[in-house]
Number of protein chains: 2
Amino acid sequence: MSQFELTHDFLSQLEELIDNGDSQQVAAALRDLHPADIAEIMEELNNERAKFAFLLLDDEKGGDVLAGLDEEERNRFLETLPPEVIAKRFLDNMDSDDAADIVGSMPDEQQQEVLSHLDDLEQAGDIVDLLHYDEDTAGGLMAKELVTVNENWTVLNCLREVSRQAENIDEIYNIYVVDDDNKLKGRLSLKKMLTSPTSAKIDNLFYRDIISVKTDEPAASVALIMGKYDLVSIPVVDSIERLVGRITIDDVVDVIREEAEKDYQMMSGITQDVETSDSIWSQTKARLPWLIIALFGGMVSAYMISRYEAEIALFPLTAMFIPVITAMGGNVGIQSSAIVVQGLASNSLNLKNGFRNIGKEVGVALLNAGICSVGIFLLTLCFNFSSLAMPVTVTLSLFVVILFASIFGTAFPLLLNRLKIDPALATGPFITLTNDIIGLNIYLLTGNAILGSF
Amino acid sequence: MSQFELTHDFLSQLEELIDNGDSQQVAAALRDLHPADIAEIMEELNNERAKFAFLLLDDEKGGDVLAGLDEEERNRFLETLPPEVIAKRFLDNMDSDDAADIVGSMPDEQQQEVLSHLDDLEQAGDIVDLLHYDEDTAGGLMAKELVTVNENWTVLNCLREVSRQAENIDEIYNIYVVDDDNKLKGRLSLKKMLTSPTSAKIDNLFYRDIISVKTDEPAASVALIMGKYDLVSIPVVDSIERLVGRITIDDVVDVIREEAEKDYQMMSGITQDVETSDSIWSQTKARLPWLIIALFGGMVSAYMISRYEAEIALFPLTAMFIPVITAMGGNVGIQSSAIVVQGLASNSLNLKNGFRNIGKEVGVALLNAGICSVGIFLLTLCFNFSSLAMPVTVTLSLFVVILFASIFGTAFPLLLNRLKIDPALATGPFITLTNDIIGLNIYLLTGNAILGSF
């Protein structure tokens, strides 16, 4: 099977088959598709059609499709299915973490009803256990399905037990070794198990240096740990080191994406995680706070300019260069802070280079400021001013503004990070605003001094 | 072993031990640490000390440490080691993809010398093969180590072969099934192999629906495919479907991070991947292009304002609200384009909702524009203007500017995407600049009409 690409043609053919109630043809069209592709198709269909297609899937595939649906689409769709069908046909066959995610995103009454219909009581118990954890922690990411063996067993015991336990698990990533109290002792590699004599004792074979996380470890930190140590799965233990679950890298990939999106949104002045599919009101709520702050910042600028009313009346062309000064300050500030925020996020700003940054940034700033100042000087000459006062004013202030914006844009996120505040806050609207106000002051003061004295 | 946190204390103690030449104590301090942690420590040490510590590691751990070092630090460090030592002690023991990355980042002469010293000719051949592929493609990401079985074998053959092949591989993710021509036919799950009778034929056990990528598939698209289908590893085939390697998710995690960073940098007006550790000149080169463009944009603004010189001389306070108009237009535009770019990057903007976006954005824009306009009207009243002309001008133009910036910020990245241009180009400086110029025009025109008529 190669990758599937959803086309308008495929979709309209499928819709026609569904509208004709042609179960056989619809089932045939979906049979060879991956659950992730079917999920994508379902998101394009209306509820009625989606339901028709969905109920033709076998139970395991149906469960995988549910897990692949976008949360909002899934809830919209699940409302159309009876709780018994959801529970018995699909949740019973899913991994506990996916099932818990689905149940967790349902309204409270639906949750209770669905849980009461589960046949597999172990699965029901696992789901209820998992629902206790905050979704942004290791506990919220983990699944309960794992393969464990006792440190006192032989390889033969292990092979039998692994075969038995493996029935419920899609892929085996690691075999965890526990003691009689279910405390995590280490891991046994599949390779070691397969390549050792069956009579060998596990105790002599397993790796004792195992990296685990506690259930309350934040998701972002789980992602950093798994990334740093190149782990495909990581065991999760409770406060007294008992093994309670495992997190696989595919769940962490989503966390990594979300973290990156968070920084991106912070920079673009959006306060919450919003998507194009969110309602108009929730999009507005996410965007309005920064706009209001920018509005107040703009008023501060307005007030400052108003204090130079007389000068502007005398030299109205002072107004000409307000936009270029604010824009350059903003751009330079965002560049500087973005580089620092990214360095902090990827942990590549370390003990040694953390302190060298501001010094280096001054070098970059001097170079940028020098080149841009020469540029603006030449460009302003094109306006044929009667004296050099205006070009000199603009050139000098641009130089100072770039220098200031670079240093401030570098130092401020470093300072926030020291104070344990998310440094990404220092990117985007905040940095632009501050540089607007300070840049304007520099420009107006310089203008006042130079234009006044010519 | 739990996670290690590098402290100043640990570092200075280690440096003292190294300076005293106390090999035993240094080796003891590093013995229980994970290679990723040792790599982190080495990046803090100077070359001399790093070399001393490094040569105390056993060969396998040394190789893992090398693979964990930042590319720049690694090259700096490898220059201090003789090519024979690099080849014989470390590269021979590494996964082919990591070894190829290391060799690929060396200067040409060093590459040849190191390769000529490899004892393991299979490894040398694998490295040379891998060096042919562009590093941003599936071929550049893949490793040659994989476990393959023939479709005609029995489970017993397989178990033997897997045990044999597994000697060279850290973790087994999947067992690939090939035909006599080494063409990829499917995959055998470990679970299936372990839970089937040893006499069973592979042909009846393996999954035929396997997703693979060609060697020239771009890395970003490999990441999307693995993410979409929740894959831990993916086989790589050549143009005639022969199995040539496999990519594991840990390598793709880096690609995902880099893609996210690229969008982030594009938005912050940085044209190349730069880090805080890069030289002043390469940082300046990455940042200057957008600054120069912003400079020209600023000159366009300046020219436009200059055409209203007479009006500004008459109503100098017109200048007051230039910054708030440009700042609000810029902020709103960035918010809108960021939401679209993110939707496109995560593939969550699909056929159905792609067209609905602009309509919805108009709703969000009307709401934001309405609330901000009321806000600015009230705020401008605080300035005690003699008439309502100024407040009305600012309010009206802000409303139009927000509306325009929202629609433009949404439509433009969608358009770029249609034209197969990276939509992230439409974020950051570009959108700010355009909104600055158009916003200013709206403001000055409105001002001219209203202030002139009062």
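The questions and answers below concern a predicted model. Residues are numbered from 1 along each chain as its sequence is written, with chains lettered from A and ligands numbered from 1 in the order in which they are written. Local features need pLDDT of at least 70 and side-chain atom pairs count only at pLDDT 80 or more, while totals for chains, interfaces and linings use all residues.

Visitor: Which helix gives the largest share of the side of chain B that touches chain A?
Guide: Two residues are in contact if their C-beta atoms, placed from the backbone, lie within 7 Å. The contact takes 111 residues from chain A and 108 residues from chain B. Helices are DSSP runs (H or I, at least four residues) numbered from the N terminus. The largest share of the chain B side, 17 residues, comes from residues 280–306 of chain B, helix H16.

Visitor: How many residues has the largest nonpolar core?
Guide: A nonpolar core is a set of buried Ala, Val, Leu, Ile, Met, Phe, Trp, Tyr and Cys residues joined through C-beta atoms within 7 Å. A residue is buried if 20 or more other C-beta atoms lie within 10 Å of its own, exposed if 12 or fewer, and partly exposed in between, with C-beta atoms placed from the backbone. Among the residues with the most contacts inside the largest core are A:Val222 and B:Val222. The number of residues in this core is 194.

Visitor: Is A:Val274 buried or exposed?
Guide: A:Val274 sits in the loop between helix H15 (249–267) and helix H16 (280–306) of chain A. Leaving aside neighbours within four places in sequence, A:Val274 is in contact with A:Ser282, A:Gln283, A:Ala286 and B:Ile339. Because A:Val274 has 22 C-beta neighbours inside 10 Å, it counts as buried.

Visitor: How far apart are the end C-alpha atoms of helix H21 of chain B?
Guide: The expected span of a helix is 1.5 Å times one less than its number of residues. The 30 residues of helix H21 (residues 389–418) of chain B should therefore span 44 Å. The end C-alpha atoms agree with this, at a distance of 43 Å.

Visitor: How many of the 30 residues of H21(B) are buried?
Guide: H21(B) is largely enclosed by the rest of the structure. Just after H21(B), B:Lys420 takes a positive phi of about 65°. The buried residues of H21(B) number 21.

Visitor: What distance separates the centres of domain 1 and domain 2 of chain A?
Guide: Domain bounds come from an automatic or database domain assignment, which gives domain 1 (8–136) and domain 2 (147–258) among those of chain A. Four residues of domain 1 are in contact with five residues of domain 2. Taken over C-alpha atoms, the centres are separated by 29 Å.

Terms used: Helix = DSSP H or I, 4+ residues; strand = E, 2+ residues; numbered from the N terminus.
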